[in-house]
Amino acid sequence: RQTPHIAQTEQIYRKIRDRIFDAPDMPHSVKSLSRDLGVSAFNLRASCQSFTQMPLDRILMMLRLNGARRDLLRARCLPRKVSDIAMDWGFFHWSRFALRYKSLFGETPSQTLKG
């Protein structure tokens, strides 16, 4: 038997997971998830940390970076700019985006776009 706290934590985490998987091409944020799910940002973060041992903000950042990478790879033959793709995924500070992107993927966003 699960304690009520563990069951509630799991339920909130499943809501987060389901919302993200229902719309994988959206740049989710803690604020948007909180609004959409009707759960406080504090409870979202606490439930995710407790259930996955990983901060929700980090998970969302990784998902957004991966989404940007997918779009950069798709845009190789299209007239798209790195900055436009970054903004599509909620990155408004391009230098921070480029640093995080390179840290995760080992190349800059423009290198990915160029192929």
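Contact means heavy atoms within 4.5 Å.

**Figure 1. Overview of the predicted chain.** The model is predicted. Among contacts between residues at least 6 apart in sequence, 58% join residues at least 24 apart. The secondary structure comes to seven helices and zero strands. From the N terminus on, the elements run α-α-α-α-α-α-α. The C-alpha trace spans about 55 × 25 × 20 Å along its principal axes. Of the 115 residues, 33% count as buried.

**Figure 2. Glutamate 10 in helix H1.** Helix H1 covers residues 4–22, and glutamate 10 lies in this helix. Glutamate 10 counts as buried, because its relative accessibility is 15% and the buried class is under 20%. Its side chain makes a polar contact with the side chain of arginine 14, at 2.4 Å.

**Figure 3. Helix H2 and the glycine that follows.** Helix H2 spans residues 30–37. Its buried residues are Val30, Ser32, Leu33, Ser34 and Leu37. Glycine 38 follows H2. The phi of glycine 38 is positive, near 70°.

**Figure 4. Helix H3 against helix H4.** Helix H3 takes in residues 41–52, and helix H4 takes in residues 56–74. The axes of H3 and H4 come within 8 Å. They cross at roughly 85°, so H3 and H4 are roughly perpendicular to each other. On the H3 side, the contact is made by Leu44, Arg45, Cys48 and Thr52. On the H4 side, Leu56, Asp57 and Ile59 meet them. By class, this contact has four nonpolar, one polar and two charged residues.

**Figure 5. Glutamine 53 in the loop between H3 and H4.** Glutamine 53 is found in the loop between H3 and H4. Its phi is near 65°, a positive value in a residue other than glycine. Glutamine 53 counts as exposed, because its relative accessibility is 62% and the exposed class is over 50%.

**Figure 6. Cysteine 48 and cysteine 77.** Cysteine 48 is one of the H3 residues that meet H4. Cysteine 48 is buried, with a relative accessible area of 1%. Cysteine 77 is exposed, with a relative accessible area of 77%. How many disulfides does the structure hold? The count is zero.

**Figure 7. Helix H4 against helix H6.** Helix H4 (residues 56–74) and helix H6 (residues 94–105) have axes that come within 11 Å. The axes cross at roughly 90°. H4 and H6 are therefore roughly perpendicular to each other. The contact has nine nonpolar, one polar and two charged residues. H4 contributes Met61, Met62, Leu65, Asn66, Ala68, Arg69 and Leu72. H6 contributes Phe97, Arg100, Tyr101, Leu104 and Phe105.

**Figure 8. Tyrosine 101 in helix H6.** Tyrosine 101 has its place in helix H6. Tyrosine 101 counts as buried, because its relative accessibility is 0%. Leaving aside neighbours within four places in sequence, its contacts include Leu65, Arg69 and Leu72. Those three residues are among the H4 residues that meet H6. Tyrosine 101 is also in contact with Gly106, Glu107, Thr108, Pro109 and Thr112.

**Figure 9. The pairing of tyrosine 101 with arginine 69.** Tyrosine 101 and arginine 69 are 32 residues apart along the chain. Their C-alpha atoms are separated by 8.4 Å. A polar contact of 2.9 Å joins their side chains. Tyrosine 101 belongs to H6 and Arg69 to H4.

**Figure 10. Arginine 96 in helix H6.** The place of arginine 96 is in helix H6. Arginine 96 is partly exposed, with a relative accessible area of 45%. Isoleucine 85 and arginine 96 are eleven residues apart in sequence. From C-alpha to C-alpha, these two residues are 14 Å apart in space.

**Figure 11. Serine 110 in helix H7.** Helix H7 covers residues 109–114, and serine 110 lies in this helix. At 35% relative accessibility, serine 110 counts as partly exposed. Arginine 45 and serine 110 are 65 residues apart along the chain. Their C-alpha atoms are separated by 32 Å. Arginine 45 is one of the H3 residues that meet H4.

How values were computed
Residues numbered from 1 in each chain as written. Predicted model: local features only at pLDDT ≥ 70, side-chain atom pairs only at ≥ 80, totals over all residues. Heavy atoms only, no water. Helix = DSSP H or I, 4+ residues; strand = E, 2+ residues; numbered from the N terminus. Buried < 20%, exposed > 50% of the residue type's maximum accessible area, 1.4 Å probe, protein only. Polar contact = N/O pair within 3.5 Å; in protein donor to acceptor, adjacent residues only side chain to side chain. Disulfide = S-S within 2.5 Å. Axes fitted to C-alpha atoms, helices over the stretch in contact; angles between N-to-C directions. Parallel < 35°, antiparallel > 145°, perpendicular 65-115°, else oblique. Nonpolar A, V, L, I, M, F, W, Y, C, P; charged D, E, K, R; others polar.
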